[in-house]
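I opened this model today with a notebook beside me. Here is what I looked up, in the order I went through it.

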Amino acid sequence: MNLTLKIWRQAGPDAKGELVTYQVQDISPDMSFLEMLDVLNERLNDEGREPIAFDSDCREGICGMCGLMISGEAHGPEKATTCQLHMRTFTDGDVITVEPWRADPFPVVRDLVVDRGAFDRIIQAGGFISVNTGAAPEAHSSLVPMEHAMRAFQAAECIGCGACVAACPNASAMLFLGAKVTHLGELPQGQPERWGRVVAMLNQHDLEGFGGCQNLGECSYACPKGIPQDVISTLNHDLRKAMAKGR
Amino acid sequence: MAGTGLLFALFVLAHMYGNLKLLVSEQAYNTYAEHLRTFGVPMLPNSGLLWILRAVLIVALIVHVYAAVTLWARASGARSVRYAVKKAVAQSASSKTMRWGGVFILVFLVWHLLEFTIVKIDVSGKGATGNNPYRLVVDSFQTPWLTLIYVLAMLALYMHLAHGVFSAQQTLGWTSSARTYRQAQIIGHVVAGIVVLGFLIPPLAILVGLVK
């Protein structure tokens, strides 16, 4: 496959960036999108030019490090992370635009790499449970109804990749928040801190400068883990309850 | 946004019901308009309840618009560098147009209030006044361009309500399962459909001459 890539290049956080056009030839359709970028980077290296900076870690779709805006879609056109997106999705001769996640709380570090530290700070604000560590307790000592367990597991699939923010026209992180609040709120271990959690996480979310939610649904569509919109309802439900409790 | 929005949804449902009196008879419609003013008398002064409702609606409108402007401003502040290419893949036509559609409905509302409440503009030139609301409405909607404005406004209202009524339920946290989420979307379209259909029947009936 021969492709034309328009890739965002930016030397540093404060540097002015621009889209630079690259041609790549003989790309195997079985390559992942990141492998295709690796091929381009090897060539840039050989030519003595600066390779394109992009994030990746596990390359098996579970860590959430890689994330690129590919021709206007977060993680590209497939329901998967960028590392699990294969070149067979594209056709020979395609022009593909590659940009970093765009949201002011996710500042560009370099080229396609953004700092998602805002998500870490939201988790630190309330996305945790307080337990004594040590020997694991007997699993059957706290029973969880099946439907709660299933919903908690579904929400817990969130890998914090930031695609929801990237895809949202408002750059809102409500799907991320909703996933965390649902994941912990559906389980008995999440109950003691439930009402404080939602308020603390939402306050941190707003403080980081993310936008508000319009319930447009772009986030769930972009989510590589298919986190549904109804977790945002759970977030709103918990917030309403917390406010009624004077939080 | 959600609370005031649902209040408006209830208001347009009631408003639509009142409009349908037009199909019954001139007397039924004018009596309804009169009853809106005498409702609660003598416990309340004449037009007392009407002004209470108006005050609530005005406050709700201010809150609704303020919340919308805040959301809009936060959104533009949250992404100061825009994408070169960005696809909208999941938004409906209805959700995509909430902001500019809302602005359109606001402009329409100003015209609508000037026309039928504040100034009582006689668009037909037949000399109708506010003393006979039925004649004012019927004469006005015999003017095709006016009916066209209202049809366009109702299209905008359908789109705004379809997403708005759903979105309000989501914001209030009533849709925390796949089933209730889907139901909320359907309720949005059903409420929007009932309101807009009910609103469109009288003007179209007048335009084609079924109501004279």
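**Conventions.** I am working with a predicted model, where local features need pLDDT of at least 70, side-chain atom pairs count only at pLDDT 80 or more, and totals for chains, interfaces and linings use all residues. Residues are numbered from 1 along each chain as its sequence is written, while chains are lettered from A and ligands numbered from 1 in the order in which they are written.

**Chain A.** I looked up the secondary structure and found eight helices and seven strands in chain A. Helices (H or I, at least four residues) and strands (E, at least two) are DSSP runs, numbered from the N terminus. The C-alpha trace of chain A spans about 60 × 35 × 35 Å along its principal axes. How much of chain A is buried? I noted 46% of its 247 residues. Buried here asks for 20 or more other C-beta atoms within 10 Å of the residue's own, exposed for 12 or fewer, and partly exposed lies in between, with C-beta atoms placed from the backbone.

I then turned to contacts, meaning residue pairs whose C-beta atoms, placed from the backbone, lie within 7 Å. In chain A, 71% of the contacts between residues at least 6 apart in sequence join residues at least 24 apart.

**Domains of chain A.** The domain assignment gives domain 1 (3-110) and domain 2 (116-129 + 144-244); such bounds come from an automatic or database domain assignment. Taken over C-alpha atoms, the centres of these two domains of chain A are 27 Å apart. Their contact takes 18 residues from domain 1 and 17 residues from domain 2.

**Cores.** A nonpolar core is a set of buried Ala, Val, Leu, Ile, Met, Phe, Trp, Tyr and Cys residues joined through C-beta atoms within 7 Å. The largest one has 63 residues, and Ala167(A) and Leu175(A) are among those that touch the most other members. Helix α5 (residues 174-185) of chain A supplies the largest share of this core, seven residues. Both domain 1 and domain 2 of chain A contribute at least three residues each to this core. I clicked on Ala167(A) and, leaving aside neighbours within four places in sequence, found contacts with Ala74(A), Glu218(A), Cys219(A), Tyr221(A) and Ala222(A).

**Chain B.** I counted eight helices and zero strands in chain B. Its C-alpha atoms fill a box of roughly 55 × 40 × 35 Å, taken along the principal axes. Of its 212 residues, 25% count as buried.

I checked helix α1 (residues 2-24) of chain B for length: at 1.5 Å a residue, its 23 residues should span 33 Å, and its end C-alpha atoms are 34 Å apart, which agrees. The expected span is 1.5 Å times one less than the number of residues. Which residues of α1(B) are buried? They are Ala2(B), Thr4(B), Gly5(B), Phe8(B) and Leu22(B). These buried residues pack against α2 (26-38), α3 (48-78), α6 (133-141), α7 (144-171) and α8 (178-207) of chain B.

**Where A meets B.** My last entry: 32 residues of chain A are in contact with 31 residues of chain B. On the side of chain A, β5 (95-99), α7 (218-222) and α8 (230-244) are the elements that give two or more residues. Of these, α8(A) gives the most, with seven residues.

Terms used: Two residues are in contact if their C-beta atoms, placed from the backbone, lie within 7 Å.
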